[in-house]
Amino acid sequence: MPVDALEAERRKWEEIYANLPVKPESEALRRFEAEFVALVKELLPDGGRVLEAGCGGATLSAALARTGLYETHLMDFSQGALGLARRRFEQAKLEAQFVLGDLFEPGRPEYDLVFNAGVLEHYDPAEQVRLLRGMGSRSRQYVMVLVPNRQCYWYWLWRLWQAGSGNWPYGKEVPALGLEEVFKEAGLNFLGQAFVAESWTEDFILSLPELGENLKKQILEVHRQPLLPGAHKAYLLAALGSTTEPVRGTPAVWLRDPGAAHELDGRWASALADSLAQQLQLQRELVQQQKQWQEKSTRTENLLENLQTALRRKDALLSRLRLRYREKARQAAQLAGLCEGHESLVRQLSLELEQRAHEVGALREKLNSSELVQAELREQTEKLRRELAEVQQKVGALEQTLQARDRELSVLRSEATATRISHQNEAELASLRQARQELERKLRFANERIRELSAQLQQVWDSPTWQLLNRLHNSRYIGGAWRAFKAVIPVGLKEKIKSLIRPRGSKSARSVQAKGARTGQSAGPARRDGSAAGDDETWPSKAALIEGLQEYLQRIETCGAQNLVLFVAGVKFVESEGQRVTQIIRELLGHGTPTLLTYFRWQNEYHQAAPRPHDPQFFQIPMDIFERHRQRLLDWKPDGGLVRTAVFEFPHPLAFQLVNELNLAGWNTVYDIIDDWEEFHAAGKAVWYEPAVEQYLCANCHAVTAIVPLLAEKARTWVPGLEVEIVPNGVSPDSFNMKEPRRPLARGEVTVGYFGYLARAWFDWELVAGVAQRRPAWRFYIIGYGEPPGAKLPDNVQLLGKVPHHQLYGYAQNWDVGIVPFRPGALSHGADPIKVYEYLALGLPVVTTDIPHLRSYPGVHVATSAAEFESLLEKAARAGLDRPAVEEFVRKSTWLQRGLALIEAGRRGRQNRRLSQALLAGVAG
């Protein structure tokens, strides 16, 4: 299969299995699993080692694992399929080995049975032969495949319905009629075929929605009759082969021509068909009679229920009538008694009425005499009303007067407040103006000082003495020449030159390594034409590099990108290495973001060829050449909305002036603190380091980022109130070649691995050697380059040297745990080891020495002593990883996210700086 076709096939299955949940098994699937386990037990009754090559959902392997007889291994070229299989086994608490691999590639004969189901039908015959050869190369005895049976018509109906409903994502699938020729073409002994999974076919019948329930039942009755041969009823065709002659005979179920066992004589088939038709006719008549009887029974029951309901209603009505009659009789007796009482009452009322008539007459006489009193009362009331109206008028006048006084009081209060605020504002404004004048004075002084220092440095560079010393420095006879000249050099100039140049062979030069900024290598000074002395034959033309930079800027201006990132770093871009700047550049380029790198050339790099750009959107240039021609970049004003960001991760003195020039040219500047440079300097590394330069970058860049909180706090002590964003290191899982074959390394009871730079300043060789001596049954593999250990290491510690980054997976497959054995102290506390993220991405638990912030990382164990380090190695190797938590952590820690965070920090920092300047200018004005 062509590589592009194979990749397309892999992507198809990745999409199918992506985020697919572990579904409960249906009854039909469980019956088929039992049937499959029985077939395997007949072949391997005493158990054995089995491999499902192309595992998919791994239901059959799980069924074998549940028996406890078989050591189960699963293989697939799809990470999604292996993930689904792993989740199924974890939920069922079953053990298995999971292998990511290509079935087309040959393997070693390690298994008693290699099988798959639902794989072969997706490939052409030639590819089927290759697949069977790959399976046969891994088997010591049996090879079994299961594919859809071409003669199962219900499979065809179900598949057509699935495809018509848009539920068929599997693409090409060619059912088989027989696989004998394919097995023989693959060089396997063909032992026979069998038709299996008849119960699964019944699931196809029941899942067709267009069939009614009655029709489905009738079809199942016909399907289960012996009239139909198994070749038509079985969903799957199983084919068995072997790589050697079988030790025991092949079970009877495996036939060379399985269709012949199911053929019937024509007369018997006809008789069975007639009998089945009669049976179906009788069943239909019986069903019809049962339906009629059921209808009559239902009508009778309904009629009886209606009669009973009517009778109950009549009984209830009769009961209500009896109660009503009794109530009426009682009321009649009560009325008779009331009538007798009412007659005596009427007589009494008549007597009282006469008495009331006399009383009314007397009251009328009294009413006539009270009218005079009422007239006097009305006159007094009217008088009181007039007095009340006068009082209300006076109150209204007083209220109007009070409101006027309130308005006058409010005006007076406002004037007093404004006067007080004005005095305060004048005082604050005067203070702000004074502060601004002081800042402007300091800025003018700093700019003048920069110009003075630049002029002095230019005079030194242009002087004949400097040019002569530069040539002498790179001469093989520099030692003697230096001794000859230092006697005639003035003392002051001698000290300046000694601080900038060290002769070859000196202690400082010998201590410098190719690691770059961390190694503390003293940089050999470049000639003023941009090249090092003696490099004319090997170094590319400076003119070619400058022309390449100009062409690069023209390409970026027309490519339509939204961002351009300039990195100022201490290492060059090398594809096979894994430093922070290299990883971020690689991911930004993949994201479509152009990047430009200017790097510091160390002394042993002056004669190395300049690394060529591997991408049209990437360009790198040595800092000593860029420094002379940086004005081309500063004068470049691209059209459109291109956002330009400069990231300094290397506080070399040459960055002192560059950061101000970039700020003025409209770049967003970021200082990315990736190491505790002060501690590196104290450890004898980074001899060029000056704290004032790093503090200046913190104060003048638009944004400051740090890889760990400890470095952020240190930066805030230099610049009070400084905002520092944490942008840790990260990982690019795609940078590892996950198809890299396992390296043949000997394993121990616990196998420990390390990869990274080796320096005695931070790598604790004594710790590793001590644990190895106490645990001779363990194995330790150290990958890296740098300073070798000071003493002989135990035999179970093996140094593998430098390994390209993309090959690390082949070694890590042998390891149980990855380690970070850094010496405890300020140097390691300020580190965020990239290898921690890479170990986790490779599926390894991590054990480190005391690096506090790593305690919050999943899968990382932090030791504070040698004894605890040894104990955690054993614990981590046994416990493994919390894979969901680690996978989520890795997903949120990619280098692309880190690179975009640096761009956003620069944009946000410049915006905040502009806002602050605008506010200050507004207050001052």
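The following paragraphs lead through this structure from its overall make-up to some of its individual residues.

The model is a predicted one, in which local features need pLDDT of at least 70 and side-chain atom pairs count only at pLDDT 80 or more, while totals for chains, interfaces and linings use all residues. Residues are numbered from 1 along each chain as its sequence is written, and side-chain values use heavy atoms, with hydrogens and water left out.

The protein chain has 30 helices and 20 strands, where helices (H or I, at least four residues) and strands (E, at least two) are DSSP runs numbered from the N terminus. Of its 925 residues, 43% are buried; here buried means under 20% relative accessible area, exposed means over 50%, and partly exposed lies in between, with a 1.4 Å probe and protein chains only. Among the contacts in the protein chain with a separation of 6 or more, 74% are between residues 24 or more positions apart, a contact being defined as heavy atoms within 4.5 Å.

The interior can be described through its nonpolar cores, each a set of buried Ala, Val, Leu, Ile, Met, Phe, Trp, Tyr and Cys residues joined through side-chain atoms within 4.5 Å. The largest nonpolar core has 110 residues, of which Phe648, Tyr671, Phe780, Trp815, Leu840 and Leu873 touch the most other members. When neighbours within four places in sequence are left aside, Phe780 is in contact with Val752, Val768, Val771, Ala772, Asn796, Val797, Gln798 and Leu873. A second, separate core is made of 38 residues, including Leu29, Leu39, Ala197 and Ala238.

Helix α29, which spans residues 883-891, has Val886, Phe889 and Val890 as its buried residues. These residues lie on the same side of α29 because they cover an arc of only 95° around the axis, the arc being that of the directions from the helix axis to the C-beta atoms. Pro884 and Glu887, on the other side of α29, are exposed. The cover over the buried residues of α29 includes α27 (834-841).

Phe104 counts as buried because its relative accessibility is 9%, and Tyr123 counts as buried at 8%. The rings of Phe650 and Trp677 have centres 6.4 Å apart and planes at 70°, so this pair is edge-to-face. Phe650 lies in the loop between β11 (643-648) and α20 (655-664), and Trp677, 27 residues apart from it, lies in helix α21 (residues 677-682).

Elsewhere, the charged end of Arg86 sits over the ring of Phe98, 4.8 Å from its centre.

Some loop residues deserve a look at their backbone. Most residues other than glycine have a negative phi, and most peptide bonds are trans. Ala58, however, has a positive phi near 65°; Ala58 is in the loop between β1 (48-53) and α3 (59-67) and is buried, with a relative accessible area of 2%. Ala197 likewise has a positive phi, of about 70°, in the loop between β6 (189-196) and α8 (198-207), and counts as buried at 0% relative accessibility.

Pro109, in the loop between β3 and β4, has its C-alpha atom 5.2 Å from that of Arg140, although the two are 31 residues apart along the chain. Not counting residues up to four places away in sequence, Pro109 touches Ser137, Arg138, Ser139 and Arg140.

Methods: Phe/Tyr/Trp six-rings, centres within 6.5 Å; stacked < 30°, edge-to-face > 60°. Lys NZ or Arg CZ within 6 Å of the ring centre and 35° of its normal.
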